[in-house]
Amino acid sequence: MAPRTLPSPLCSRRIWLHGLAAAAGAALLPRPARAAEPAREAPRKRILIVGDSMIAGGVGLFLENGLSKTHGYVVRRKGKSSTGLARPDFFSWPKEAQKQVDEFLPDAAVVMFGGNDVQGLRMPDKGWITWPEPEWPEEYARRVNAFADIVAAGGKPLFWIGMPVMRPEKFHTRVQRVNTIYRAEMAIRPGAHFIDIWRLLADDEGNYTDRLDVDGEPGGKNVRVRAGDGIHLSVAGAHHVEAHVRAIVHAVLSGSSADTPVDVAVAGAPPEVTPAG
């Protein structure tokens with residue numbers, strides 16, 4: 001058997017250098033791209049809508065559907081007719097609101113009260129502050145802010161919808177007063193917006209009207225926007241208000257409000273408030 005020939009040191013060195021060069025070249029080759037991880041969808045914002053019969057009825061229902069189905073928000077609505085902040089002995093909205101917030105954990109809130117609040121304020125000692133005693137505005141403003149602290153704590157977005165123009169003269173004058181309180185308190189509250197709907201449902205002079213041309217087109221057809229009592233809204237009126245409110249809410253929450261006026265001036269200011277009787 002022939003003797004085994006070992007590779008020369010020179011040959012071994014060449015093989016080693018070739019291997020080193022090949023490894024270095026492979027390191028310079030582009031690596032296969034990793035499959036991009038799917039972007040995580042941002043959590044949908046949660047909106048709590050609370051209020052009286054306007055929220056229990058058409059305005060609230062249409063707003064809930066519009067914000068959820070059109071814009072993709074997660075919405076919870078709680079409305080109860082004949083309620084407000086004046087009579088916690090009848091229905092305690094602060095307690096109910098705290099329950100809703102604890103269960104739902106909203107990112108923003110929409111509130112509409114006022115029609116049932118232009119009366120005496122029931123106090124914790126079972127006494128009353130009757131309308132329009134000098135203490136009434138201060139106490140009602142305190143209740144508005146205490147409620148806002150519950151539904152929009154820490155400066156979360158809060159949208160407080162004002163009362164519309166009313167046909168009954170006494171009611172008409174009184175809701176102007178509560179609108180003034182809402183406007184003033186929301187103006188100094190971080191993250192809060194007062195949504196004025198007074199002129200949205202009024203005629204060109206700012207007065208009550210049953211019918212309006214709501215499509216804004218010249219020569220458009222007037223439709224009935226108010227219910228027979230001159231206080232509540234028809235279906236068309238509720239749709240008209242909902243579209244206005246929803247546009248403002250979405251503009252703020254989506255960050256596009258720079259191009260959308262989000263303030264009391266959107267629908268015009270109500271007439272000057274006269275002393276309430």
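**Note on the predicted model**

1. L105 is found in the loop between helix 4 and strand 3 (108-112), where helices (H or I, at least four residues) and strands (E, at least two) are DSSP runs numbered from the N terminus. Although L105 is not a glycine, its phi is positive, at about 55 degrees. With a relative accessible area of 58%, L105 is exposed; the word buried stands for under 20% relative accessible area, exposed for over 50%, and partly exposed for what lies in between, with a 1.4 Å probe and protein chains only.

2. Please keep in mind that this is a predicted model, in which local features need pLDDT of at least 70 and side-chain atom pairs count only at pLDDT 80 or more, while totals for chains, interfaces and linings use all residues. Residues are numbered from 1 along each chain as its sequence is written, and side-chain values use heavy atoms, with hydrogens and water left out.

3. The protein chain has 7 helices and 9 strands, and buried residues make up 43% of its 277 residues. Of the contacts (heavy atoms within 4.5 Å) in the protein chain with a separation of 6 or more, 69% come from residues 24 or more positions apart.

4. Two further backbone details deserve a look. S82, in the loop between strand 2 (74-79) and helix 4 (93-104), is a residue other than glycine with a positive phi, near 60 degrees, and it counts as exposed at 52% relative accessibility. The peptide bond from W131 to P132 is cis, with omega near -5 degrees, and P132 is found in the loop between strand 5 (128-129) and helix 5.

5. Helix 5 (residues 135-151) and helix 6 (residues 169-187) pack at an angle of about 50 degrees, with their axes 10 Å apart; axes are lines fitted to C-alpha atoms, for helices over the stretch in contact, and angles run from 0 to 180 degrees between N-to-C directions. The two helices are therefore oblique to each other, since angles under 35 degrees count as roughly parallel, over 145 as roughly antiparallel, 65 to 115 as roughly perpendicular and the rest as oblique. Among the residues that make the contact are W136, Y140 and V144 of helix 5 and I181, Y182 and E185 of helix 6. By class, this contact has 9 nonpolar, 1 polar and 2 charged residues, where Ala, Val, Leu, Ile, Met, Phe, Trp, Tyr, Cys and Pro are nonpolar, Asp, Glu, Lys and Arg are charged, and the others, Gly among them, are polar.

6. The axes of helix 3 (residues 58-70) and helix 7 (residues 235-253) come within 8 Å and cross at roughly 45 degrees, which makes helix 3 oblique to helix 7. The contact involves residues including F62, L63 and L67 of helix 3 and V241, V245 and V249 of helix 7, and its residues divide into 9 nonpolar, 4 polar and 2 charged.

7. The structure holds 10 aromatic pairs, in which rings of Phe, Tyr and Trp (its six-membered ring) have centres within 6.5 Å, and planes under 30 degrees apart count as stacked, over 60 as edge-to-face and the rest as tilted. F91 and W93 form an edge-to-face pair, with 5.2 Å from centre to centre and 75 degrees between the planes. F91 is buried, at 16% relative accessible area, and W93 is buried, at 0%. F91 and W93 belong to one aromatic cluster that includes W136, Y140 and Y182.
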